[in-house]
Amino acid sequence: MSLDNHNAIIEQLKPLVMEPNFLEIFQQLTIDESNSTRFLLKMELNRLASPCTRIIDFRDKSELPCTEVQLGQQRHFLDEPAKHSLHQAISLFRNQYTLGVYEHVLAAHQQRRQKLRQSAPQIEIVEPEPFIVPGVVLGSYFNRAEERMNYSIRISASQGRSEIIGITTDLSIGGARIRIAANHPFNLDLPLKIKLLELSEEFYFPDLQLGVDYGIVDSQTNGEYIWLRLQRISGSEALAEMLGNLIRGYKLRYKIDVNDVVVTASGLGFERHFLPHLPHLPLYFNTQTQALSHMLLSRDNQQIMHYFQDENDISQIPSMLTSERLSALFNHPQNPDHGLFFSFTYNAQGNLYFYSATLAELKAKGMMPLFLGFASTKPSWRIFKLTADKIYHGKGYRHATLPGAEAKFSPLVEQQLSQFSHLLQLIDISNEDTRGHYKAWQDDSNANALKTFGQQRSTTHQIKSIAMQFSERRQEARFAFKTLVNVSQGGLTSTGITLDISSRGMQLTLDNATDFSSNKPLMLSFPKLQTIAGKTQLEHLPYRLVRTRKNGVTLHLTAVMSHTPHVGVEFLNKLISHNKAKLEQLTESNGESKELAEGLKNILMRTLNSVPYFIERTTKSAQIACLGVSTQQDDICDIFAAGTSDTLQYDLTPLLKDGLFKRDILDPIRKMKPQQDMDFIEVFIQITRQSRGKIHLKCVLATSVGDTQSQIAFIKQSKATGRFIALRIFRGATEKPDMNYLRHEIEYINIHANHKAKQLEDQLWRIIGVGELLDITQAVELRYPTLYQ
């Protein structure tokens, strides 16, 4: 029975539901209603009056600024209209936060937003050209062991006889930041002798009179001044004690400098938006075993891992990345042919066989036409780019951003991390839409000759999977497991194989893409498991579709729980518990594993081989917030930095102009859900050198260039006039920011600079999209056999 016709009575009774004589009033007002209606009304009112524990957070759902509202132990984030709705509703329930209050605030917010859209339709105003975008350094975790104070005093700086007067902008026991004229005569690779002039007048120490040696850590300039960050490399213990006493004594009068913590926390916040969508598979080469020993799993890179698992769930990545191929990659870093892999699989009588070759091998054996032409006809055809970077262990592995924070992991994790010599990244650069181009390589050779590229089968687990920890991550461990599944929903049916399982959920890949709905349960049957299940019926078990990947081929499911036990959950729970020793665990929850995952992640962030970008919501529309840049030189960043004079400023106008940003990046992201994998577009770039070292960029969508002959002509012309580059632009929608990961940094910044903490939080909450720019030039050129003839 519906209560839609009784809304007026419900609204009339809401303010009275907490009153002692509520039952008497209820009887009077419902005297004309049937007993069943009275029962339903009473149940509904009791529901509305029940205590609520749900948090209301409108920071990413309102165009208005939101502030914190404390209700008991709960923290809500509401705009002004929502606050008014909250106070209005809570007064109806005797100042108690109930389910009725929660629903009233949400309903009022939705009505207000709906009216806003109807009465004042927004006119999209895209970021005005040119697209000048700042850079945020990722993977550089500045570890400050001591507090630094914003303290300005006169100083003199010298190298030999040259002496320049300047000021400090902050000061610590072991370092300082100074400002001097930009036209200084100093060599920034050599130490400076600094005299703290005002301190030498107040305190007498020989060090202060003669000067203290400081090494230059980094520099920034605006043309008029240069700011130098310094680290003290001389001076007595007495000087250190005096500076320590000075900072402690002036702590309440001068602000503690938190700029470095803000910069590092900002980088950490942006990387938490990017890492769930990391599409590449990081692999770590172990010096002890002289082989790959670990892989780092994100949410989106697991399809690469699953591609290489055979019918026994054993990874065949070590069989592709043999010691000979890795040695060639390590020993010839300037030859990209050793890092471009082509792969396909062959299924024979239930056994999966893998074939792979590098471009260098195909060239050496003269088998490019045969391999590319034959392999590209296979459904399992893949192209992988493999990069290798040496790991430098001097930087440490932990991001200890706060003064006094522990700079190392546990001894066991530190030892494990110290054994890795190289970080490799396996990047899937396949493109189903261009398969036909590679088929043009086909020749009349005998395909049996490709047997030489058949991989030796790995029969044991050689690479340990370590999953990155995210706040939205599944709460229970997952295990690699393959079994047949029949799926149905209404008139739709499909067959698939599980990729991994947990007691309450699973990931499976279907034989054919099927458009299942997430609004209705999917009914699953397990025919192979039924043979070992005995009397337990593993048929028509309800599961809910959480998200899909690869255009409906890969599904993530969770069990639909009700008042009765879920047969599938109980059976899978027993299956996992009885076979834990045999199953490969993909996620772990112990502290040591979390530390190892964090250390592997920090190593990865120092050597990204792509350029992440982030999109933020603005008042009228959206814009590129920043690029994520590395401390290492990057070719893509250098191209777009050529047109700007400031450090960490990039001009993306040639890439995003003429509506490309809105049409091909922003609008598709707005239609995506955060749980979806990133997809991509491809752009061809023609780089032409001009006078005085300037370059001109012509950027065109690959699909807009024209037919195959037009694309070949574009590439040839680009090479004749300068250089050709092909970029893959990934794009995806983001979740809410993982503020819990930054909790300690935010709390520290909040103590010393409340406004900076709020600015950082607001900035991370505005991020709605993420993607990356990836160089795929080498693979794109291979699409056209005529370029090699």
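Helix α2 (residues 22-29) and helix α3 (residues 35-49) have axes that come within 12 Å and cross at roughly 140°. Axes here are lines fitted to C-alpha atoms, for helices over the stretch in contact, and angles run from 0 to 180 degrees between N-to-C directions. Helices (H or I, at least four residues) and strands (E, at least two) are DSSP runs, numbered from the N terminus. The pair α2 and α3 is therefore oblique; angles under 35 degrees count as roughly parallel, over 145 as roughly antiparallel, 65 to 115 as roughly perpendicular and the rest as oblique. Phe22, Leu23, Phe26 and Gln27 in α2 meet Arg38, Leu41, Lys42 and Leu45 in α3, contact meaning heavy atoms within 4.5 Å. Five nonpolar, one polar and two charged residues make up the contact of α2 with α3. In this division Ala, Val, Leu, Ile, Met, Phe, Trp, Tyr, Cys and Pro count as nonpolar, Asp, Glu, Lys and Arg as charged, and the others, Gly among them, as polar.

The model is predicted: local features need pLDDT of at least 70, side-chain atom pairs count only at pLDDT 80 or more, and totals for chains, interfaces and linings use all residues. Residues are numbered from 1 along each chain as its sequence is written, and side-chain values use heavy atoms, with hydrogens and water left out.

**Overall composition**

The protein has 27 helices and 31 strands. Of its 789 residues, 51% are buried, where buried means under 20% relative accessible area, exposed over 50%, and partly exposed in between (1.4 Å probe, protein chains only). Among contacts between residues at least 6 apart in sequence, 70% join residues at least 24 apart.

Glu616 stands opposite Ile767 in β31.

**The seven-stranded sheet**

A further open sheet, of seven strands with mixed pairing, has the order β13-β12-β14-β15-β10-β11-β16. Its edge strands are β13 (351-358) and β16 (464-467), each with a single partner strand, so one side of each is left without a neighbour in the sheet. The twist averages 30° from one strand to the next. Strands β11 and β16 run parallel and are joined by four bridges; the bridge partner of His294 is Lys464 in β16. Helix α14 (residues 368-375) lies across β12 (340-348) and β13, at about 55° to β12.

The loop between β11 (291-297) and α10 (302-307) holds Asp300. Asp300 is buried, with a relative accessible area of 3%. Beyond its neighbours within four places in sequence, Asp300 is in contact with Pro276, His277, Leu278, Pro279, Arg547, Arg549, Gln676, Asp677 and Met678.

**Antiparallel strand pairs**

| Strands | Bridges | Residue pair |
|---|---|---|
| β1 (residues 67-71) and β2 (residues 74-78) | five bridges | Leu71 opposite Gln74 |
| β17 (residues 479-480) and β19 (residues 492-501) | two bridges | Phe479 with Ile501 |
| β18 (residues 484-489) and β19 | six bridges | Asn486 opposite Thr495 |
| β19 and β20 (residues 505-510) | five bridges | Asp500 with Gln507 |

The hairpin of β1 and β2 has two residues between the strands, and Gly72 takes a positive phi near 65°. The hairpin of β18 and β19 also has two residues between its strands, with Gly490 in the turn at a positive phi of about 65°. Strands β19 and β20 form a hairpin with three residues between them.

**Helices α25 and α26**

Helix α25 (residues 743-752) and helix α26 (residues 754-765) pack at about 140° with their axes 5 Å apart, and are therefore oblique to each other. Ile746, Ile749, Asn750 and His752 in α25 meet Asn754, Lys756, Ala757, Leu760 and Glu761 in α26. This contact of α25 with α26 comprises four nonpolar, three polar and two charged residues.

How values were computed. Two strands pair if DSSP finds at least two bridges between them.
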